[in-house]
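This report covers side-chain contacts in a predicted model.

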Amino acid sequence: MKESATEQSENEALDGGTLIPCSANLTCNAADPELRIRSFSERFLENLLYFQIIYLQDSYVLWAGDIPPKMESLYVALPLKFDAVPACSVLARPKDASASDNFAETLSTRLAKRLNRPVFVSVNLSSSTALQQAYVEKRIFQELLPTPTETTAVGVMRAQNVW
C-alpha cells in the first residue's frame, strides 16, 4: 500500500526526519525573550563612570567602570533556596586582578540577595576608592530596584494583564 505525500511527511516528522509543522491540532507559541540594554555614564567627582546593565528574562549582567567598556573580570552570584547568602564564583579573571575585583564579588552577592536572581558583574575601576565603590553600588541599586510607586504600578499592570 502506497502512502500519500502528507502521510509520508508526517511519518518522517515522527521519526525525526523533519520538523513537525504547526497545524490545527498543535499549539505553537512563539518565544517571548526579554532583553533590554541600558548604558549610561555619570560624573563622580573628577571621574566619568560608565555603566551598562543588560536585563535578561530572569537575570542581570552588569558592567561598571571608569574606562570605556572592557570586561576584565566576571563574577556570578546565584541565590540559593536553602541559604541566605548567595553562592558567588569568578568566571573570568586576568592575572593582574585589581582591587575592584573584590568589590565586584561583593556587589554581585549583594545584588543576587536583594533581587533574588542570578547576577553577573564586572567592575573595572582604575583607581578604586571606597567612596567611588559606594557611589557605583548606590547607582546600580537605583537602576535595578523599583521605587514604591513603580512597584505599585507594576502590580496594577500585571493584575490588569497590560503586559
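## Salt-bridge network

A network of salt bridges links Arg38, Glu42, Arg139 and Glu143. Within it, Arg38 pairs with Glu143, with the closest N and O atoms 2.9 Å apart. Arg38 belongs to strand 1 and Glu143 to helix 3, so this contact ties together parts 105 residues apart in sequence. Arg38 is partly exposed, at 33% relative accessible area.

Glu143 also meets Arg139 in a salt bridge, at 3.0 Å from N to O. Arg139 and Glu143 are about one helical turn apart, because four residues separate them in helix 3. Both Arg139 and Glu143 are buried.

## A loop-to-loop bridge

The whole structure holds five salt bridges. One of them joins Asp58 and Arg117, whose closest N and O atoms are 3.6 Å apart. Asp58 sits in the loop between strand 2 and strand 3, and Arg117 in the loop between helix 2 and strand 6. The two are 59 residues apart. Asp58 is partly exposed at 46%. Arg117 is partly exposed at 32%.

## Aromatic contacts

There are three aromatic pairs. Phe40 and Phe51 are stacked, with 4.8 Å between centres and 15 degrees between planes. Phe40 lies in strand 1 and Phe51 in strand 2, eleven residues apart. Both Phe40 and Phe51 are buried.

Phe44 and Tyr135 form a stacked pair at 4.7 Å and 20 degrees. This pair links strand 1 to helix 3, across 91 residues. Phe44 has 12% relative accessibility, so Phe44 counts as buried.

## Charge over a ring

The charged end of Arg36 sits over the Tyr55 ring, 4.3 Å from the ring centre.

Terms used: Residues are numbered from 1 along each chain as its sequence is written. This is a predicted model: local features need pLDDT of at least 70, side-chain atom pairs count only at pLDDT 80 or more; totals for chains, interfaces and linings use all residues. Side-chain values use heavy atoms; hydrogens and water are left out. Rings of Phe, Tyr and Trp (its six-membered ring) pair if their centres lie within 6.5 Å; planes under 30 degrees apart count as stacked, over 60 as edge-to-face and the rest as tilted. Buried means under 20% relative accessible area, exposed over 50%, partly exposed in between (1.4 Å probe, protein chains only). A charge sits over a ring if NZ of Lys or CZ of Arg is within 6 Å of the ring centre and within 35 degrees of the ring normal. A salt bridge is a side-chain nitrogen of Lys or Arg within 4 Å of a carboxyl oxygen of Asp or Glu.
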